[in-house]
Amino acid sequence: MTRQAEIEPRAGDLIFYRDRTDFGVARVDLVRERHFTCFPWHDLLLRFDKRRQRIDRHRVIARLSQASDPAAIAARLNVLRNQRDGQRAAAHAAYLQSIEKLTKELV
């Protein structure tokens, strides 16, 4: 991870950020002391959203180059998200099988 002091986006820059359990790409609109006001990339519309979103400074992971393709980044994030969900589903199925074995042992 990059140190926060090294990431200093300006208006118009693309940023890569973490949003709770997910990640995203956004274009910076306004720079404030504690946060950025950004236009997040919309996966389905394949463009930046019209509504601005406040992104706290501590959630920004990296400043992207202007040549970065937000659609390609979002597509890759979607693939990783689907892989994670598949692993969670497999882990949950294994957990249920373990519970079933345990209940058979107890009875």
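Phenylalanine 16 is buried, with a relative accessible area of 19%, where buried means under 20% relative accessible area, exposed over 50% and partly exposed in between, using a 1.4 Å probe and protein chains only. Phenylalanine 23, by contrast, counts as partly exposed at 28% relative accessibility. The model is predicted, so local features need pLDDT of at least 70 and side-chain atom pairs count only at pLDDT 80 or more, while totals for chains, interfaces and linings use all residues. Residues are numbered from 1 along each chain as its sequence is written, and side-chain values use heavy atoms, with hydrogens and water left out.

Turning to the aromatic rings, rings of Phe, Tyr and Trp (its six-membered ring) pair if their centres lie within 6.5 Å; planes under 30 degrees apart count as stacked, over 60 as edge-to-face and the rest as tilted. By this rule there are two aromatic pairs. Phenylalanine 16 and phenylalanine 23 form a stacked pair, 5.8 Å centre to centre with 5° between the planes. Tryptophan 41 and phenylalanine 48 are paired edge-to-face, at 5.0 Å centre to centre and 85° between the planes. Both tryptophan 41 and phenylalanine 48 are buried.

Arginine 52 lies in the loop between strand S4 (47-48) and strand S5 (53-56); strands are DSSP runs (E, at least two residues), numbered from the N terminus. Not counting residues up to four places away in sequence, arginine 52 touches Asp29, Leu30, Thr37, Cys38 and Phe39, contact meaning heavy atoms within 4.5 Å. The C-alpha atoms of arginine 52 and arginine 27 are 9.5 Å apart in space, with the two 25 residues apart in sequence.

How values were computed
Helices (H or I, at least four residues) and strands (E, at least two) are DSSP runs, numbered from the N terminus.
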